[in-house]
Amino acid sequence: METRRLGTGGLEVAALGLGCMGMSDFYEGRDDDESIATIHAALDAGVTLLDTADMYGPFTNERLVGRAIAERRDEVVLATKFGNMRDESGAYLGVNGRPEYVVSCCDASLERLGVEVIDLYYQHRVDKTVPIEETVGAMAGLVAAGKVRYLGLSEASAATVARAVAVHPIAALQSEYSLFSREPEQGVLEACRRLGVGFVPYSPLGRGILTGSFTSVESIPEGDYRRRSPRYEPGNLESNLVLVATLRKLADERGVTPAQLALAWVLAQGDDIVPIPGTKRRGYLAENVAASAIVLSVAELASISAAIPPEAVRGERYAAPQMAAIDD
């Protein structure tokens, strides 16, 4: 797999990463053995960037990833995140970017992961009550202390990224980006390129909707949080699946799956972009990895973009409380 550089500090990763959230939380059907096997298969396929966070589980996903990479640490660019607070029961407690919290979260993540250093440490959500300069200053202290190698932000606005970079180099901004979520094209991607910040799209398959796997709300497993996601709501889902059907037609013409075409489209948006599709099954991993070899022509890219106009997608990315936490 080709490699891509995130930021200007020398952080190089495979073009496609692996999101590990769904192995422990939010999506129904936990199977730790299969998840660990999937992580190992990803490393075997040349994937290097593994993405987790303290709030996934909560707290259990970091332990799972740590177990999976214990004997293969040197093959991994390990990314985790802090800032979204949850208690042991899973209740959401808000966003915290206070400097003392940054330090305590890093120490806890290092212990759960079983590593001495985190390669890429993100602020998961921007704390609007704490100046970003203070949060990033504390994160920079972790780099100076040798606990973290590179810094990142998640769902930060262009203005916030610019303020953060003035304090310490930022290797990557992680935000949702897919054919169903084109918001980063409205200034954020341009700002990242101007500031020397790489871009890591999460949910590049629209939380599964772009795979064509779901045909109705009832096809989503009980307990899966997507049953409460606005884009999967009755009415919205049916309208959005019409767009997916158009994507499927283009994929059939190319001889690939809708998921592969959607991933190839994201990968083609720039060589500073490293999507992290999440999966906990080896079969889907192989499908995603194969997408990294698909080369799309200018005409194909235009056709794919036209198939899913941003204004045609129904429903917000998150429910209202989660949208309120997005930095704008």
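I will go through the nonpolar cores, then an aromatic pair, and then a cavity.

A word on the source: this is a predicted model, in which local features need pLDDT of at least 70 and side-chain atom pairs count only at pLDDT 80 or more, while totals for chains, interfaces and linings use all residues. Residues are numbered from 1 along each chain as its sequence is written, and side-chain values use heavy atoms, with hydrogens and water left out.

Let me start with the cores, where a nonpolar core is a set of buried Ala, Val, Leu, Ile, Met, Phe, Trp, Tyr and Cys residues joined through side-chain atoms within 4.5 Å, and buried means under 20% relative accessible area with a 1.4 Å probe, protein chains only. The largest one has 83 residues, and those with the most contacts inside it are Leu-18, Ile-39, Leu-153, Leu-173 and Ile-308. Helix 8, which spans residues 258-267, gives the most to this core, namely 8 residues; helices here are DSSP runs of H or I with at least four residues, strands are runs of E with at least two, and both are numbered from the N terminus. There is also a second, separate core of 16 residues, which includes Tyr-122, Val-200, Tyr-202 and Tyr-318.

Turning to the rings, a search of the whole structure finds 6 aromatic pairs, where rings of Phe, Tyr and Trp (its six-membered ring) pair if their centres lie within 6.5 Å, and planes under 30 degrees apart count as stacked, over 60 as edge-to-face and the rest as tilted. Tyr-177 and Trp-265 form a tilted pair, at 5.7 Å centre to centre with 50° between the planes. This pair links distant parts of the chain, 88 residues apart, with Tyr-177 in the loop between strand 10 (172-176) and helix 6 (188-195) and Trp-265 in helix 8. Tyr-177 counts as buried because its relative accessibility is 1%, and Trp-265 counts as buried because its relative accessibility is also 1%. Elsewhere, ring pairs link Phe-26, Tyr-27 and Tyr-225 into a cluster.

Finally, which residues line the largest cavity? They are Phe-180, Gly-206, Arg-207, Ile-209, Ser-229, Arg-231, Tyr-232 and Arg-317, a cavity being a set of points on a 1 Å grid over the protein atoms alone where a 1.4 Å probe fits but cannot get out, and lining residues having an atom within 4 Å of a point.

Note on methods:
On a 1 Å grid over the protein atoms alone, a cavity is a set of points where a 1.4 Å probe fits but cannot get out, and a pocket is an open set with protein on both sides within 12 Å along at least five of seven lines; lining residues have an atom within 4 Å of a point. Buried means under 20% relative accessible area, exposed over 50%, partly exposed in between (1.4 Å probe, protein chains only).
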